[in-house]
Amino acid sequence: MEMSWKKYAYTFVITAVIFITAILASNYFSQKKMDEIKNIESRIAVDILASETQFSLLSELSCKEISSGLLSKELATLGDKLSYTEQNRGSDDAEVLNLKKYYSLLQIKDFILMQKIKDRCGSTQTNGGLSIMYFYSNKGDCSDCEREGFVLTKLREDYPELRVYSFDYNLDLSALQTLVSIYNIKKDLPAVLINDKIYYGFKSIDDIKNALPALKAIDAQKAKEVLLKSKQATSTKTN
Amino acid sequence: MHIVSESITYIFLFIALYIEVFFLITYFEFSEKKLKENSPTSNVGQIKFPSVSIIVPVWNEETTILKTIFSLLKLNYPKENISILIVDDGSTDRTWNVIQKFSRNKQIKLLRKENGGKYTALNYALEFVDSELVGCLDADSFVHPEALKRIVAQFEDSEMMAVTPSIKIFEPKGLLGLIQKAEYMFGIFLRKVFYYLNAIYITPGPFSIFRRSVFDKIGYYRHAHNTEDMEIAMRMQKNNMKIGNVHNAFVYTIAPTNIKTLYKQRLRWVYGFLKNAIDYRDMFFKPQYGNLGMVVLPAAGFSVLSTMYFFGAMVLSWAETLTTQISKILTVGFSWQGFNFDFFYVNTDILVFVSLIAVLGTFLIIATSRGLAEEKNKFGLDSLLFIIFYTFLAPLWMSRAIYNVIFTKETKWR
């Protein structure tokens with residue numbers, strides 16, 4: 001019977017070319033995404049450096065000049081993009097690991113800066129100094145980490161003024177390990193650090209609101225505003 | 001484990017793409033050649049009309065048998081050269097009475113026997129056949145008036161031992177009807193490609209025509225796990241007999257209208273394919289069987305395996321997403337933050353690009369097959385439904401067929 005060895009061979013070549021094109025295209029977009037993360041990181045680094053410099057230049061009397069605008073708003077976006085990339089490329093990817101380390105450093109710097117502003121100028125200048133530090137592990141040894149992640153993401157969505165710093169407990173980064181030893185955080189994850197107090201295990205939205213009453217104050221403020229608006233609306237109608 | 005499953009996915013995708021590219025190259029390579037061959041100087045007018053017998057095996061087919069026979073009587077072919085043998089395979093309904101209508105028709109011979117299955121009915125009728133060509137038409141199918149003439153023309157080639165038609169769904173209705181319509185058209189393309197590769201391994205029950213001598217040389221039909229039309233073709237291929245195809249010799253068949261009958265029919269087909277493939281396993285990857293042994297049969301086996309694999313992978317991935325979403329809702333309640341498009345979150349994995357190319361190839365096949373089936377448009381609602389739903393339907397019977405093969409459970413006709 002007829003055989004088409006030649007055709008088998010050039011079909012193989014065509015298929016291989018298609019595959020290689022797909023690999024190249026995928027790599028191209030993947031690299032673009034990595035570049036985007038790097039860009040965000042360098043923008044944040046500049047932001048933090050600018051804030052630190054501004055902070056050093058200003059005297060205590062000038063606390064009014066310091067607004068929350070000083071603190072980089074891109075940290076949350078960066079965190080989301082980094083965790084998406086980590087999911088796709090795997091947590092062992094060298095480039096992802098490097099970006100993650102840099103991200104963790106930026107978070108620590110942001111946290112320190114926020115603390116400094118809070119100490120010198122009081123909590124009003126930093127949106128009440130609302131911050132949560134969250135330690136997780138994605139090595140499969142933390143069954144509640146995913147759920148805790150949902151809770152913190154939801155809180156961050158509901159309260160844009162809340163700064164959530166998330167750290168991979170197992171990340172090989174000396175600054176992070178120093179942070180862990182300063183606060184004496186055990187490997188009983190998930191762990192949440194709120195106002196210098198550590199909470200271990202899964203914490204629901206209500207648990208966190210109890211630990212961070214400022215969130216409840218925001219709720220109350222929002223409720224008041226809603227009530228006021230509805231009152232205004234009814235009075236306009238009656239008039 | 002992740003690396004293993006990822007590697008399997010890549011290998012499967014590569015093979016699937018290889019097969020698709022191979023079939024498309026084959027189709028366009030040969031259709032170009034055929035176009036050159038079919039120049040106006042070719043001898044269309046000089047077709048001979050050899051004697052043909054058409055066997056119609058019937059079992060409880062009182063509602064469709066008349067339409068089937070009338071379609072045969074309307075064939076544009078010299079009446080003296082065509083005879084019809086209706087074999088009642090022990091019907092328990094009024095089929096025998098219904099076909100008595102033709103008892104005086106000289107073209108038609110009525111035969112009756114005890115129920116023994118389709119292949120026994122065919123073999124019984126073959127004993128009465130002395131024509132040069134012989135074919136079969138299932139009692140749920142009807143032929144296009146020009147079908148026989150077009151098929152017979154291919155027997156001009158003295159090496160041609162059997163010729164297959166193109167099967168279309170008769171008046172497709174509903175979702176299942178439309179999905180099958182597209183599927184059958186896909187089949188028209190594949191059969192054409194297999195013909196070009198000299199690798200047709202099924203001579204479908206509806207209107208495949210054979211030289212009578214085939215049965216003298218290689219024997220009659222066998223039970224063959226209720227897929228005798230596949231087994232006879234495999235046996236012919238094993239004996240180096242050429243099988244042709246005429247894509248515009250249309251036969252219309254009534255498709256199952258509900259999922260239960262469709263499931264039973266397909267279970268029988270896939271089970272029959274797997275069992276026959278096991279019986280003829282010595283043909284796989286053997287260069288002496290040409291493209292059939294090296295590509296077409298392995299590709300058919302691979303399609304069952306890969307459909308199951310990709311379906312399994314898809315179900316697992318959906319289950320994972322669903323579990324995560326449920327866990328999220330249970331933890332923080334339902335929240336919808338609106339849709340914010342960011343290119344960053346568009347999946348740009350290698351798999352996405354390869355799958356996109358594979359889907360484009362599928363679109364090309366669909367458009368080509370619709371051209372072969374003489375449909376007006378290159379794409380239709382049926383094509384869309386086929387692409388969306390077929391991946392979910394096929395695993396239903398494929399998984400059961402694999403189970404039945406492993407635990408040797410025979411399938412039934414109905």
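Some conventions come first. Residues are numbered from 1 along each chain as its sequence is written, and chains are lettered from A and ligands numbered from 1 in the order in which they are written. As the model is predicted, local features need pLDDT of at least 70 and side-chain atom pairs count only at pLDDT 80 or more, while totals for chains, interfaces and linings use all residues.

The contact takes 28 residues from chain A and 28 residues from chain B; two residues are in contact if their C-beta atoms, placed from the backbone, lie within 7 Å. On the side of chain B that touches chain A, helix 1 (2-37), helix 10 (290-332) and helix 11 (350-372) of chain B each supply at least two residues. Helices (H or I, at least four residues) and strands (E, at least two) are DSSP runs, numbered from the N terminus. Which helix of chain B gives the most to this side? That is helix 10 of chain B, with seven residues. By class, this side of chain B has 16 nonpolar, ten polar and two charged residues. Here Ala, Val, Leu, Ile, Met, Phe, Trp, Tyr, Cys and Pro count as nonpolar, Asp, Glu, Lys and Arg as charged, and the others, Gly among them, as polar.

Helix 10 of chain B also meets a helix of its own chain. Its axis and that of helix 12 (residues 381-406) of chain B come within 10 Å and cross at roughly 115°. Axes are lines fitted to C-alpha atoms, for helices over the stretch in contact, and angles run from 0 to 180 degrees between N-to-C directions. From helix 10 of chain B, B:Val304, B:Thr307, B:Met308 and B:Phe311 meet B:Thr391, B:Ala394, B:Pro395, B:Met398 and B:Ser399 in helix 12 of chain B. This contact has six nonpolar, three polar and no charged residues.

We stay in chain B for helix 4 (residues 118-126). Nine of its nine residues are buried, where buried means that 20 or more other C-beta atoms lie within 10 Å of a residue's own, with C-beta atoms placed from the backbone (exposed is 12 or fewer, partly exposed in between). Among the elements that these buried residues pack against are strand 1 (52-58), strand 2 (82-89) and helix 8 (228-238) of chain B. B:Ile99, in helix 3 (residues 95-99) of chain B, is buried because 25 other C-beta atoms lie within 10 Å. Leaving out residues up to four places away in sequence, B:Ile99 touches B:Ile65, B:Ile86, B:Asp88 and B:Leu110.

Now to chain A. Its domain assignment, which is automatic or from a database, gives domain 1 (1-122) and domain 2 (130-229). Their centres, taken over C-alpha atoms, are separated by 21 Å. Domain 1 of chain A brings eleven residues to the contact and domain 2 of chain A brings 13 residues.

Finally, four strands of chain A form an open sheet in the order 2-1-3-4, with mixed pairing; two strands pair if DSSP finds at least two bridges between them. Strand 2 (163-168) and strand 4 (197-200) of chain A each have a single partner strand, so one side of each is left without a neighbour in the sheet. Strand 1 (residues 131-136) and strand 3 (residues 191-194) of chain A run antiparallel and are joined by four bridges. Within strand 3 of chain A, A:Ala191 stands opposite A:Phe135.
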